[in-house]
Amino acid sequence: MSDNVFIGNREYFKGIGKIKYEGNKSDNPLSYKFYDENKMIGNKSMKDHMRVAVAYWHTFCGDGGDPFGLQTHFYPWFSDDSMQTAINKVDAAFEFFTKLGIPYYCFHDRDIAPEGATIPESERSLEEITSMLKQRQKETGVKLLWNTANLTANPRYMNGASTNPDFNVLTYAAAQVKKMLDINVELDGENYVFWGGREGYSALINTNTKRELEHFGQFLVLCRDYGRKIGYKGPFLVEPKPMEPSKHQYDFDASTVIGFLRRYGLEKDFKLNIEANHATLAGHAFEHELQICADNGMLGSIDANRGDPHNGWDTDQYSTDIYQTTLAMMVVLENGGLGNGGLNLDAKIRRNSTDLEDLFIGHIGAIDGFARGLEIANSIIKDGKISKMKKDRYKSFDQGEGADFEKGKLTLEDLHKIAIKNGEPGMISGKQE
Ligand code: XUL
Ligand code: CO
């Protein structure tokens, strides 16, 4: 590819060519220092391990506004006409993807096309943009990692979507998801995501939690059945988040979601999309949430971002924390990879980062952060010391009565007898240091 590739009707990121791997001696901020897509890590290239995706919403829709201040990002693809903006965004997006050299992207329905006055009107706009996306995917080889329906922004969802006490609101949410599943199949999406933004509540005094959770389960069953009917073969993913915007979210964390999915018989079709900053909001480490999913065979995909250690909301920052990316990539490698999933950079540049190149620099930093994490994780695993230490901690279950216990051969009375026979257990260091 030439240095000045761009796809579409207009070049938006002028002066920025294809981002290249220049190695960690380079001081060019518009180059990769660690992400060398063809470098083999074990038996797979970095590109195939990481399966990086750009999040349409933050990168092309975010305008820098926050609850205290107005728009600071005035991107050249924004126009007064919302449909024209949507068309421009497709060009800007695919130029960005190809210059960044990443294989995937993700979107919500409202990121790609404006909501109309009626459902059919919204669907017509979505169809127009979908045909553009399909064409660009064909031209560039960039693929859809996942899409989803935005069931939070419109005021009709202020009391929830599928958990809304009003059936009429639930039907609107269903209509949106149905269309997004159709579009997923049209664009060959590899996953479909549900983030239950307002599937939760604020006050128990006006809420029937039992009924709302049952509606949530029933809704996911219908979505699964429709998806399978129209030929969607990939996993459905639920993205846990404990709070924000609702005070209590039904999809609090990985364990809660896994239990919920099992209760509705959805564990074969569903996996989880784990977001780093959502894990930390739930009081967990990012790698803890990934591990819980891996243990249950339900690690679907990752929203690869981070929070700010000094505050407690969803800041959606690009992850450059090598400790965090290393621990996360260790879980991914030990899981045998991400399957259909990927690293979706669900992060945004800060309000005061107002140059177009800042979008590139943010993404490059995070991609390099995960690439470096992947390399370190791989060498820790190859070295084998940590996994041996971990395995040795459980050796008392590998033979004799410990092994019998694991096989379910012992009763509580047996354990009582063994405890008396063996006496007080010796202290064994956890070797945490
Ligand atoms: C919200 C969030 C979303 C989901 C998709 O906190 O992370 O962007 O990833 O709806
Ligand atoms: Co997310």
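## Cysteines

How far is the sulfur of Cys293 from the closest cysteine sulfur, and in which residue is that sulfur found? The closest one belongs to Cys106 and lies 17 Å away, which is too far for a bond. This is a predicted model, and the values in this report are computed from it.

A disulfide requires two cysteine sulfur atoms within 2.5 Å. By this rule the count of disulfides is zero. Cys61 is in no disulfide either, for its nearest cysteine sulfur, again that of Cys106, is 13 Å away. Cys61 has a relative accessible area of 26% and is partly exposed, whereas Cys293 has 0% and is buried.

## Overall shape and surface

The protein contains 15 helices and 14 strands. Its C-alpha trace spans about 80 × 60 × 45 Å along the principal axes. A compact globule of 433 residues would have a radius of gyration near 22 Å, so the 23 Å of this protein agrees with that expectation.

Buried residues account for 51% of the 433 residues. Contacts between residues at least 6 apart in sequence can be sorted by separation, and 75% of them join residues at least 24 apart. The accessible surface is about 21100 Å², and carbon and sulfur atoms hold 53% of it. As for charge, there are 51 positive and 62 negative side chains, and the centres of the two sets are 4 Å apart.

## Helix 10 and its surroundings

Cys293 belongs to helix 10, which covers residues 286-295. The buried residues of this helix are Phe286, Glu289, Leu290, Ile292, Cys293 and Ala294. What do they pack against? Their partners include four helices listed here by number: helix 8 (254-263), helix 9 (276-281), helix 11 (322-334) and helix 12 (356-383). Strand 12 (270-275) and strand 13 (299-303) are also partners. Just after helix 10, Gly297 has a positive phi of about 65°.

Strand 12, one of these partners, contains Asn273. Is Asn273 buried or exposed? Its relative accessibility is 0%, so Asn273 counts as buried. Leaving out residues up to four places away in sequence, Asn273 touches Trp146, Val193, Leu237, Val238, Glu239, Pro240, Ser301, Ile302 and Asp303. Asn378 is 105 residues from Asn273 along the chain, and their C-alpha atoms are separated by 22 Å.

Arg51 sits in the loop between helix 1 (46-50) and strand 5 (52-55). Residues under 20% relative accessible area count as buried, and Arg51 has 14%, so it falls in that class. Setting aside neighbours within four places in sequence, Arg51 is in contact with Pro103, Tyr104, Leu145, Glu190, Gly339, Asn340, Gly341, Gly342 and Leu343. Gly62 is 11 residues from Arg51 in sequence, and the distance between their C-alpha atoms is 23 Å.

Lys407 is in the loop between helix 14 (400-406) and helix 15 (412-422). Its relative accessible area is 58%, and Lys407 is therefore exposed. Between Lys407 and Ile274 there are 32 Å from C-alpha to C-alpha, at a separation of 133 residues along the chain.

## Backbone exceptions

Most peptide bonds are trans, and most residues other than glycine have a negative phi. Which residues does the cis peptide bond with omega near 10° connect? This bond runs from Glu244 to Pro245. Pro245 is found in the loop between strand 10 (236-238) and strand 11 (248-249), and Glu244 lies in the loop between strand 10 and strand 11 as well. Glu244 is not a glycine, but its phi is positive, near 65°. With 30% relative accessibility, Glu244 counts as partly exposed.

Asp316 is another residue with a positive phi, of about 50°, although it is not a glycine. Asp316 is placed in the loop between strand 13 and helix 11. Both of those elements are among the packing partners of the buried residues of helix 10. At 7% relative accessibility, Asp316 counts as buried.

Note on methods: Residues numbered from 1 in each chain as written. Chains lettered and ligands numbered in written order. Predicted model: local features only at pLDDT ≥ 70, side-chain atom pairs only at ≥ 80, totals over all residues. Heavy atoms only, no water. Buried < 20%, exposed > 50% of the residue type's maximum accessible area, 1.4 Å probe, protein only. Helix = DSSP H or I, 4+ residues; strand = E, 2+ residues; numbered from the N terminus. Rg over C-alpha atoms; globule rule 2.2 N^0.38 Å. Contact = heavy atoms within 4.5 Å. Areas by Shrake-Rupley, 256 points an atom, 1.4 Å probe, with all protein chains shown as cover. Lys, Arg positive; Asp, Glu negative; His and termini not counted. Charge placed at Lys NZ, Arg CZ, Asp CG, Glu CD.
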